[in-house]
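Try each one before you read its solution.

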Amino acid sequence: MSENLRILIEFGLYTLQSAAFLCLSFAMWWVYCDTTFRKWHWPKQQVRDMMFWWTVFGLIGGRLIVVLEHLELFVSAPQLILNFYRYGISVFGIICGSAIYLILSSRKMPFSKVRAEDVMISNLPLALALFNLLYILFNYQYFTRSDLASRGMYGIGCIVIWLIVHYWFLPKKYSHKGEGALAAIFLIGVLQLLCLLFNKFVIGSQVDTLPEIFNALILIAAGLLSRIPLVQEQRKLMGQKPILLFDLDGTLVDSQPLVFETFRQVFARLKPDYTLSEDELYSFFGPTLETTFSKYFPADEVEDVIDVYQEINLALHDGMIEPMPYAQDVLKELKEQGYEIGIVSNKRKKVVHKGLKACGLEDYVDLVMGKEDQPKAKPEPDGLIAAVEAMGGRLDNVIYVGDNAADIRAAKNMAACSIGYSNDERQRQALRQANPCWNIMDLREILEIVKEDQEWIDKSIW
């Protein structure tokens, strides 16, 4: 075979194959990352733009490091630069390239870029595993036994790393932004070092591996970064105050007697032959009036029934409502400490303002998000997301306090911190089943919770 033909085949067929494997590997990586971001309800277009450029900068950086490490080879045969089969991609380079993009990107995001890195880098071992295993599957006849052992060890090791990070570290050990990415980086560095030592001392490879060993050691050192006391102390100093969002009824305002009596009078007027049970009355907390009344009245009558409810509720309102214990003291102290406070309720905004005013809480609230402001009511997270955006905050720096399961599910649907609070035993049982981040019996406990050194996210949701 002539040299020109050999170069043409190597540049064409192998390059296309390696490009196909690379695209397939990163497509799987993209799906896993995108699934997590969608679970958190982060804005789709901004996330996908970020992921696209993260990938571009990462692949360029990953290949550039490989070229620099084997410069003599690639200078003599530049057609091999695009053939990822030759020495693959440097993980060190991917991380450096993607980090450069995130640093240079001036676009303000409604979420932490470090939190995004936790997702993208923790899923990177999956792409690396698929890339290596595909090469083994389709080209095993061209490999020596030592090459097969080395590549197989790396591919299987990457799968093990992904499993460790996703099914042990993230659900059980993750406590601060960046730790998921650093855990994956550390384990990848350890795996690369083991593979290089295996090649050198077990297989007896004569290839100079010093640059790769140096890169692996850098990854290991970077992975240990979050454990350095100085870094931990700096993280505490840089911690941002979370946005505090509250439900209204049963959380800040004791409206249970009012709600129960309103429903009883509505049914006495419009459905006098029907007697509401206590279980039914409790079930009315959380859903919208439309959802509740649609179970008892024809669809074309629901709006009229709601009007009757509003009329009766407003007439009874001020005489049957009072603040929850310590609500005023807690909101006042939080406000003095510089926290932004919002209300997200399935009630209409006018009624929410009326309740806040009647209980002396209005002066401590920066934003009210009523039913008419929310694209979808709780337990969908739309109202919480809209409130955070309106307050100029980040979606991964939020605490939501509520008294029923719908409130907790709304927070979990955007991976926000949730606090369940109720002084009603039946409500507390439902809250425990919803599994909030904290379950409290006294609003004053919030003042201690916000002092904790941690991230204000639901760390169990990945």
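**Exercise 1.** Work out whether Trp 54 is buried or exposed.

*Solution.* Start with the cut-offs: buried means under 20% relative accessible area, exposed over 50%, and partly exposed in between (1.4 Å probe, protein chains only). Trp 54 has a relative accessible area of 0%, so it's buried. Keep in mind that this is a predicted model, where local features need pLDDT of at least 70, side-chain atom pairs count only at pLDDT 80 or more, and totals for chains, interfaces and linings use all residues. Residues are numbered from 1 along each chain as its sequence is written, and side-chain values use heavy atoms, leaving out hydrogens and water.

**Exercise 2.** Classify the ring pair of Phe 57 and Tyr 101.

*Solution.* First, the rule: rings of Phe, Tyr and Trp (its six-membered ring) pair if their centres lie within 6.5 Å; planes under 30 degrees apart count as stacked, over 60 as edge-to-face and the rest as tilted. Here the centres are 5.5 Å apart and the planes sit at 40 degrees, so the pair is tilted. Finally, check cover: Phe 57 is partly exposed at 31%, while Tyr 101 is buried at 10%.

**Exercise 3.** How many aromatic pairs does a search of the whole structure find?

*Solution.* The search gives 29. One of them is Trp 29 with Trp 54, stacked at 5.1 Å centre to centre with 15 degrees between the planes.
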